[in-house]
Each structure stands twice: as structure tokens, then as C-alpha cells.
Amino acid sequence: MLSEHANDVVSILRIMKSEVLFRISTSVYQNPAYRTLNETALRNLVNRLYELEIKKLGFDQPFFVRSFNYLRDALTLDLGRSLFLSSDSGSRSVRIIILERLPNTVLLFTTTQLLLFFIGLFGGLYLSRRYGSRIERTVSLLAPFSSLSGWFYGLFLILIFASVLRLLPYGGMVDIPPPTDRFAYALSVLKHMILPVMSWLLAYSFLGIYTRRTFFLIFSSEDYVEVARAKGLPDDLIRRRYILRPTLPPIVTDFSLTLISSWLGAIVTETVFNWPGIGRLFYEAAAFFDTPVIVGLVVIYAYLLAVTVFVLEIVYAVLDPRIRTGVA
Amino acid sequence: MSSRIRENLRALTSYKSAVIGLAVIMVLVAISIYTVITIPYEEAVRLWRAGEQHWLDTPRNAFPSWYSSILQKRLPETIIKDTTKPGPGVYKVIVQAGEVVRILRIDIDFRFDYDDFPSEINIFYSVRFNRSVPQITMTWTKPDGTTIELRKFTPTSDGAYYVSVDQGLTSREVERVVAKLGSRPNYELSPTISLFAVEDRSILESDRVQVMKGNYRLSVEGLLFDPQSDFDVKLVVYGKVYGWAGTDHLRRDIGIALLWGTPIALSFGLIAAVAVALIQMSVGAVSAWFGGAVDNAIQRVTEIFIVLPFLPTLIMVQTLYKVDIWTLLLVIVALLSFGPGVKNYRALFLQLKESQYIEAAKSYGAGSARIVLLHLVPRVIPTMIPSIVFSVADFVFLEAALAILGIGDPRTPTWGKVIQDSFYGGALFKGLYYWTLEPAFLLLITSLSFALVGFALDKIFNPRLREA
């Protein structure tokens, strides 16, 4: 198993090396400056340039050392150059391509996720206190509607607000041509954001509220909460100290994981609304087999995930004294 | 066991939402069975992939027939008259006129009393001759007796005369109207309208033009110069409605895709949901039971799969191999085998592993395989049924999402494909809402009914949610 894996690595390396050789020899043979050289001199020149290039790329180093080089490149966001895709400004640098799309996705999906998170949190808290009321039953009834995806609601919203009422744009991020005035530009982007944000809120907020409601209900029937109630503590205090406090670790986990995954965007929603974000970039990169872009996106996500999980460990210890002292 | 199932079923039927959900699922299953029996799969694929050649006689982007009753207006159906298939209103005579020359006369009569204009008019013809090409003249007679010469030509081979887009006829018609009424229409008067319109001042304005109801006639006169010569026509006056589901931009009957989408969506969702859950559970069980190096290896692999972007990986597989929907299903199951669910199941099994009945099994010498398969896994299955039912909806939507991205199965007609066609065919721009809404509605009721059943099951199997 291991040797097979090593074989793979070696053969990939061989492919990359032969690509380098091909690139260098074509550039040397096509360079008019070297026309006067004879065949042996040319071949020597190719060999010398090839060895230098291999050294520069670090292909002469053992696998272990190269892995650390890759790690350094990834950590410094030195993600190399894309094969086919280029940024709107015409750059082939993977970092520039990703950074150009990132603000669009953060603007749309991080906003949406934040909204969803807080709607779920406060809605759930509110409903858990009004168990059995009409509004609580309505939300529970609406929860199954979250089994439909966000983009699906998007289709309906486009139909209603863009096609029938003609109030909002079909898609895109800004009017064409983009307004030159900065305020008008922001307003136009805001107008284009309404439908995608609404489609996700419609799709996911009811289930979000419902699951939080269940979560809080379970926690508020714990014995220590009953005891606090029996002691006659004010409702507000019970909620803050006896219900919210112990439920904080899972809520914080949810919050941070949602935030970091939101920047990957959503491929289908961005396709339906023609939103130029990371999701579309992911789709384009996958469709054109632009490996450096895909690897770049996945690597950033993996590092962000690792950092978040690490930070979460510390946050847990701060939030929960049992973890701090090591008492189970 | 069976009594327990019956008991759970009874509990399930006490939830009104679950009963509705189950009823809808039953209907969908019935539709699936009906579809699979009446339209064989190969036939469906052939019809869907045949392109326009197969669908010459159906209107493009026609509304479903029930639109007529909603709009309180009789929208035209397609009228087809063929001289090779004689029927009412089709007359063809050939008379000898001299030694070799014969005269052909075809009259096609039909009644048109709809409230709207047809969408297109085509005349398909076939011709037979040895040396001399027949001479053909086509004329159109309206109910009020107005006759219009459509075309005079010598057809050298079989072909079609697209009346609606004949530029010469269009300008002749406009001039005729101008000569008759003294002013020019304020819109582009196409033959499709002028051949069916009431010719008073209303024809000059696009929103006032009216259909002249009554008996129409297409006459074809021909001179045949060879003894074997023959000429046949098929008149197709395309309507604005077709079938119960309408047609798409390639004139295909959307109903076929809607029908066939049902068994595909159901089986795709069910198989994927059950397979993914069972595999994830088994992997979790193995990981928890054996512990140590096995556990470590499985957990590391799982973490890699969690970071691996699911949809982009699928996109790459599909762009590279263009696999059909069932291979795609396999790929999805394979990609999700080590998904995040493994972690949850492992945690569950770690708890179960310490319980006393496992201890007992160990003490009478049960092997690992026996304990995992007979004692651990069956114990967890009831608690996972709700989540399996939930995830059916997710997988049905996944198929649709892949189709929207243009990477679904290239052959099979599915709901997602219809939505994609409609989305890129501009259905929402052009107001062809039925095209998007019909498959969307089916997707909606399918996933909603599974979700309703899932929620009810969740309350039955996890009573902690049912609290006071």
C-alpha cells in the first residue's frame, strides 16, 4: 500500500519533470538568439537550464523536504499559477484569482449565514419559552420546508420578484453598466443581494429555529434548571446562567464552523443567481480541470478548518471549567 | 419484530402530517410503476434524445392543455392534415389533361374556432417525378372567402414550406392589408396572424387583432408532367397547447420527463440515502469496535474526506467520464462512505460497546463480525431511520442540483434536466412558467412528503423530542 503510494508520487514527479524538460527545450530551440549554436551546444544548454529549473522547483529534494516546501508555499498563500482560468484583471496567479472572488462570496454568504445563525439562536430561545403556543406550532409545522434547497427557493423568488413583479434583478451582482457613483454602486449590489439572501433565509431559517428550540427545550428541562426555578431565580438570570452558559460550547462550534465554511460559497445558488463568487470559481475550476485553483481552494479551507478547531479547543476550556481542570 | 413495526406504523398514522406525506409518497410510487410499465426506459430515452426530428408535429414551447380552462380562453390545439392518411376534410384528385400532363388538386378543409392564433404553420411535402418537376401552387382561403396565394414553386425534392417565416409572403401580406385598409399595421404582421385574422381595422394593432373563426381551406394545384409523378402534403397548424404538461424548446413533450423523473428521483434518493447510511454506520461500527490502529486509520481517512470538496469532486468525475445516473449514484455513495456521519456513528457505538449485552455476547465467545453485525448495528438502525428518510429529500435535490450545473446524466430525462432546460431556455424571462413550475412542483412535494414522514418518525423513535 505504502510502496504503491510512493510509486504514484514518483510517477507524478516524472510527469512534471518531463513537462519542465519539454518547456525548456522548446523555448531554447525556438529562441533566435541561439540560432548560431550547433546541436551539441544546444543540448548542453538545455540540460543546464533543465537542472537549474529542477533545483529551483525543488524537484531534486527528497519527498520529505519537498512536503515542507509545499507546506510553506501553502501557508504563505503562494499557490502557484492556474492552468486555464484567469482573474478579471487578467492575472494567472491562483492567489489573485481567489482573492478577487472572495469578497463577493463573503459579502453574500457570510452575511446570510450570520443572519441565519442569529435568527436560529434567538428564534429558538424565544420559542423554547413559548412551548405549545400558536407561533411555536407554526414554526414546527414549517420546519419540513427546509428539506428544499436554497437555490430551489431562489427559482421561485426569481419567478415572482424578477419575472412577474419586475421589482428585482434576475441575477448578477451589480447593474450593467456598473454605476460610477460609489453610493449608487453599493445600492445596486444591495438590490442584487436581496433575492439570494431571501432564498436562503426562507429555506433554512425555520429548521434552524426548530432545531435550536428542541436543543434549548432539552437543556431547560435539566434538573439544575428546575432547581434554579424552585429557588425563585428571575427568568432572565436562569436563561443566561443556567441555559445559555452550558449550551455555549456547541453553539460556538456551530457558529465558527458555519463562518469558515461560508466563504466557500454555494455552487448551485451562485449558478442560479449568476453571482461571481468562490462557488462559481470552484465550478469553473472543476469543469476545466484547473488543478492549482482547486488545490488552492481546498488547501486554504483545510488550514482554516485546522486553525478553527485548534482555537475552539482553547475556547472550550475558557467556557467550560470542567474541561480546564480535566474533570470529566 | 413485525408487531413492533405494526406498532410504529400505528404511531406514525397518528400524525396527520405523516399521513399526508405517506399518501403523497404512495401516489408517486404508483406513478412510477405506471410509467415504468407503459413507457419502457429505452423508449423514454429515445423520445427524449431524438431531437427535433421526432417531434416535428408538436408545437414549440406549448402550454399544457389545462391552461385553456385557467385562462377562460380556448387556446388552439395542433391541427394536422395529411394527404397520405386520408381523413375528414382531406381531398386529393388527379385528372388526366392531355396525353402526359395531369392536373393535381388537393383541398384541405379544417375548422378553426379557437380564441388565439396558432403558434406556427408548416407545410411538409413529398414529391415524386422522373424527368420533369411538377409545378405546384398553394393557396389559402379564409372563412370570408379571401384567397391568398401562398407559394408557386417547382419542388425538386421532399421538403417543408415554413409558412410563418416566409419573407416574401410576409411582405405581400402587409401590402395586401395596406391596400385594403389604407394604413400600415403598427407591428410586424406575420403570416401566422394575417392568415387567421379578421381583416378590419383591428388587424392594425397588435393588442386588438382578432381571430376569424370558421372553415379554412388550403388548396394545392399542381401540374404533373410524368406518368409516375405524385405530390403529397401535410399541413400542420401548430397550436399553443399540448398534452397535460406542455412542450419545451425542442418541441418535446415535457410529460415524458416528468413521468420518468418520478421513478428515477425516488429510486435515486432512496438507494443513496439507505446505502450511505448503512455504509457510514458499518464504518463507524468497525472503527469503534476494533479501536487502536484501525480506529486511527478510519478516523484519518474520514477527516480527509470531510475536507475534500464534495460537489467539485463530483463535477470533475462527471466532466471526465460523463457517467450515467446509476454510476453517478455509485460515485456519490463512494464519496460519502467516509463522510461526517462516520464520526457520529462512532460516538454512538463507543457508548454501546460498553453495554452489558455486548459483555454477555463476548463472554459466550461471539466473534467480532457477529457482534458488530448482529448486536451493534441492529441496535442503532431504529434511531437512524428518521435521518435516512430526511436524507432522501437531500439526494433527490442533489440530482436536480447536478442537472442545474449541467453535469447530470446526459441521457436520462429527469426533473432536474427539465428545470435546467427551462432555466437556460429563458422560461422565467419569457413567462413560460409551467416549464419551470411543473418539475419544481414535483420536486417540492417529493422532498416535502419525505421530510414530513421523517419528522414524525423522529418524534416516534426519539421520544425525547416529544416532551410534555
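In strand E3 of chain B, Ile103(B) is the bridge partner of Val95(B). This pair belongs to a predicted model, in which local features need pLDDT of at least 70, side-chain atom pairs count only at pLDDT 80 or more, and totals for chains, interfaces and linings use all residues. Residues are numbered from 1 along each chain as its sequence is written, chains are lettered from A and ligands numbered from 1 in the order in which they are written, and side-chain values use heavy atoms, with hydrogens and water left out.

E2(B) and E3(B) run antiparallel and are joined by 7 bridges. Strands here are DSSP runs of E with at least two residues, helices are runs of H or I with at least four, and both are numbered from the N terminus. Two strands count as paired if DSSP finds at least two bridges between them. E2(B) and E3(B) form a hairpin, with 5 residues between the strands. Gly98(B) lies in the turn and has a positive phi of about 100°.

Arg102(B) has Leu224(B) as its bridge partner in E8(B).

A further open sheet in chain B has 4 strands in the order E1-E9-E4-E7. The pairing is again antiparallel. Its edges are strand E1 (79-82) and strand E7 (159-162) of chain B, and each pairs on one side only. The twist from one strand to the next averages 15°. Strand E4 (residues 120-128) and strand E9 (residues 230-238) of chain B are antiparallel and share 9 bridges. There, Ile123(B) stands opposite Leu235(B) in E9(B). In general, strands of a sheet pair through backbone hydrogen bonds, either parallel or antiparallel.

The two chains meet at an interface. Here, 36 residues of chain A are in contact with 37 residues of chain B, contact meaning heavy atoms within 4.5 Å. Chain A and chain B bury about 3400 Å² between them. This buried area is the accessible area (1.4 Å probe) that two parts lose on being put together, summed over both. Carbon and sulfur atoms carry 81% of it. On the side of chain A that touches chain B, the elements giving two or more residues are helices H6 (150-164), H7 (182-220), H10 (267-272), H11 (278-287) and H12 (291-319) of chain A. H6(A) gives the most, with 8 residues. By class, this side has 30 nonpolar, 5 polar and 1 charged residues. Nonpolar covers Ala, Val, Leu, Ile, Met, Phe, Trp, Tyr, Cys and Pro; charged covers Asp, Glu, Lys and Arg; the others, Gly among them, are polar.

Two loops of chain A carry backbone features. A cis peptide bond joins Ile176(A) and Pro177(A), with omega about -5°. Pro177(A) sits in the loop between H6 and H7 of chain A. Asn274(A) is not a glycine, yet has a positive phi of about 55°. Asn274(A) is placed in the loop between H10 and H11 of chain A.

Notes. Axes fitted to C-alpha atoms, helices over the stretch in contact; angles between N-to-C directions.
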